[in-house]
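Try each task before you read its solution.

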Amino acid sequence: ALDIGANDLLVSGFECEELALRLQRQIARKRREDRLRANMRDGLRAAVTDPLTGLYNRRYALPHLVRVADRAKRSGRPYALMLVDVDHFKNVNDSYGHAAGDAVLVALAARLRDGLRAPDLLARIGGEEFLLAMPDMPRSRASAVAETLCHAVSNEPVLLADGRAVPVSVSIGISIGDPSGQAAPQDLLKRADRALYAAKDSGRNTVVLADTITPLHF
């Protein structure tokens, strides 16, 4: 019994007092081990979680993209990468204060999360920049989802604790991972980043697909 994991053993009957003493010792040991495991889980969670929004961070998100790409190859279905950036976020901090900026990011994370499916990944990868990785997501559907997210953010201002309302909008750049293609997730991320800049240049609060941008040649 000890060889297969038992912590204690009574082999020839037991006395109630002896059993009570042994149980107290084993329960204390179990609680101590549970605390150690919980502390380890909390430490691992903290290493991959953004403390402000509770979303995953860059450390978790980038390796996750590789897993999304691998699953796409096996299933033969495309996936979408989206970069979401808060428009004029510096103006929010300058006009309302950094605490208000934090409140905007928390509210934005909640609104984005509400528009996602269970398999989708949402991560905060920069100050006001978020990454969405969406498996089984063709181009046309990705564009529609991004438009919906834009509207969900811009339709209502963020209400601060003091009653002030902060108007917020986002710009989104999208790249599509073709399971039959050769583009690595990092390349798709760069394409989504270029599409995001194009969305900013187009006036913000808009969505741009990477394959609609004419590449520059030098």
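**Exercise 1. Find which residues of helix H3 (residues 89–96) are buried, and decide how they are arranged around the helix.**

Solution. This is a predicted model, so confidence matters when you pick local features. Start with the burial values: Phe89, Val92 and Asn93 are the buried residues of H3. Now look down the axis of H3: these buried residues fall within an arc of 95°, so they line one face of the helix. Next, ask what the buried residues pack against: the partners are strand E1 (79–86), helix H4 (98–114) and strand E5 (165–166). Finally, step just past the end of H3, where glycine 97 has a positive phi of about 105°.

**Exercise 2. Classify the pair formed by the rings of tyrosine 56 and tyrosine 60.**

Solution. The count of aromatic pairs in this model is 1. In that pair, the ring centres of tyrosine 56 and tyrosine 60 are 3.9 Å apart and the planes meet at 15°, so the pair is stacked. The cut-off behind this step is that planes under 30 degrees apart count as stacked. Then check accessibility: tyrosine 56 is partly exposed at 34%, and tyrosine 60 is partly exposed at 23%.

**Exercise 3. Describe how helix H2 (residues 58–75) and helix H6 (residues 185–201) cross.**

Solution. Two packed helices are described by the angle between their axes and the distance between the axes. For H2 and H6, the axes come within 9 Å and cross at roughly 110°. Angles of 65 to 115 degrees count as roughly perpendicular, and H2 and H6 are therefore roughly perpendicular to each other. To see the contact itself, display Leu62, Leu65, Val66 and Ala69 of H2, which meet Pro185, Gln186 and Leu189 of H6.

**Exercise 4. Is valine 86 buried or exposed, and which residues does valine 86 touch?**

Solution. First locate valine 86 in strand E1. Its relative accessible area is 2%, so valine 86 is buried. Leaving out residues up to four places away in sequence, valine 86 touches Leu105, Leu108, Glu128, Phe130, Val168, Ser169, Val170 and Lys200. To finish, compare sequence with space: valine 86 and serine 171 are 85 residues apart along the chain, yet their C-alpha atoms are separated by 6.6 Å.

Key:
Residues are numbered from 1 along each chain as its sequence is written. This is a predicted model: local features need pLDDT of at least 70, side-chain atom pairs count only at pLDDT 80 or more; totals for chains, interfaces and linings use all residues. Side-chain values use heavy atoms; hydrogens and water are left out. Buried means under 20% relative accessible area, exposed over 50%, partly exposed in between (1.4 Å probe, protein chains only). Helices (H or I, at least four residues) and strands (E, at least two) are DSSP runs, numbered from the N terminus. The arc is that of the directions from the helix axis to the C-beta atoms. Contact means heavy atoms within 4.5 Å. Rings of Phe, Tyr and Trp (its six-membered ring) pair if their centres lie within 6.5 Å; planes under 30 degrees apart count as stacked, over 60 as edge-to-face and the rest as tilted. Axes are lines fitted to C-alpha atoms, for helices over the stretch in contact, and angles run from 0 to 180 degrees between N-to-C directions. Angles under 35 degrees count as roughly parallel, over 145 as roughly antiparallel, 65 to 115 as roughly perpendicular and the rest as oblique.
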